[in-house]
Amino acid sequence: RNLLSVAYKNVVGTRRASWRIILSIERKEERKGNEEHVVTVRHYRDKVESELSTICQGILQLLDTHLVPSSMTSESKVFYLKMKGDYHRYLAEFKTGPELKDSAENTLMAYKSAQDIAYRELPPTHPIWLGLALNFSVFYYDILNSHDRACALAKQAFDGAIRELDTLGEESYDDSALILQLLRDNLILWTSDMQVERFEQKLYGFNILWSNYCDAILIGWLLRFRPTKHRFSTKTGEDCQQFFLIWLPHLPSSQEDTGDDATDSGNGH
């Protein structure tokens, strides 16, 4: 089981890394306006995507027809369902349109099925359960852009495992500790990114308010000093006043994550 997983991960991993590099080069050439280079790079990216699709579809067929149905233990079922979710997620990384939608839905279904079994049957410190939480949360963050859910699941898995870490034997301690470190690293990265996003939203809201405030000052000046035949109606001034009364309390502000969606979120690698 582990040999199969490592073999496919190595084959797919090199191509996923290559795809990211190629995509970065393609975007750089687009910014430079080198259309001839863009066409060449895009052709090579299409080739890598075709190889990724073939490899992922091959292991997914094997999982659907043999590995998942023949799993006899809860651990094996979670392992193979997680693996199924992983390879649908790899497809979702580069697919577009209806294919992206299908890949994302298949990923969510596989991870949710694995999560349901893991909640019932596996301890929170189990490496497979922690790996599932890691990968599921990455799916929420990177593919669905559901940042709050990603953080909620990662934090729930991390906190649940930390409370029982002392009960682990030497055999699985290292694996669990490594995944816990990855969960922690993701949480630190994601929460810092979310703070930056919320600051930018607040700054954007302030800029809009300031712009409208300046417009209102200008309108007020025109109402007062322009000749009568060119004046704005007093209704315009009333509208400006109403704007501030309604929208001033609604400037973007920090929101706390209540963690209500913890059971629906996930993290991954």
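Start by selecting helix H1 (2–32), H3, helix H5 (127–143) and helix H7 (170–225): each of them gives at least two residues to the lining of the largest pocket. Helices here are DSSP runs of H or I, at least four residues long, numbered from the N terminus; strands would be runs of E, at least two long.

Before going on, a word on what you're looking at. This is a predicted model, where local features need pLDDT of at least 70, side-chain atom pairs count only at pLDDT 80 or more, and totals for chains, interfaces and linings use all residues. Residues are numbered from 1 along each chain as its sequence is written, and side-chain values use heavy atoms, with hydrogens and water left out.

Which helix supplies the largest share of the lining? That's H3, with seven residues. Color the lining by type and you get ten nonpolar, five polar and six charged residues.

Stay on H3 and pick Ser-76, which lies in this helix. Ser-76 has a relative accessible area of 15%, so it counts as buried (under 20%, with a 1.4 Å probe and protein chains only). Beyond its neighbours within four places in sequence, Ser-76 touches Arg-1 and Ser-71 (contact means heavy atoms within 4.5 Å).

Next, color by pLDDT, the predictor's confidence in each residue, from 0 to 100. H3 (residues 74–92) has the highest mean among the elements, 97, while helix H8 (residues 234–247) has the lowest, 46. Select residues 226–268 too: pLDDT is below 50 there, though the stretch has 83 contacts in the model beyond near neighbours in sequence. Over the protein chain, the mean is 81, and 71% of residues reach 70 or more.

Finally, zoom out. The protein chain has eight helices and zero strands. Of its 269 residues, 37% are buried.

How values were computed:
Ala, Val, Leu, Ile, Met, Phe, Trp, Tyr, Cys and Pro count as nonpolar, Asp, Glu, Lys and Arg as charged, and the others, Gly among them, as polar. Buried means under 20% relative accessible area, exposed over 50%, partly exposed in between (1.4 Å probe, protein chains only).
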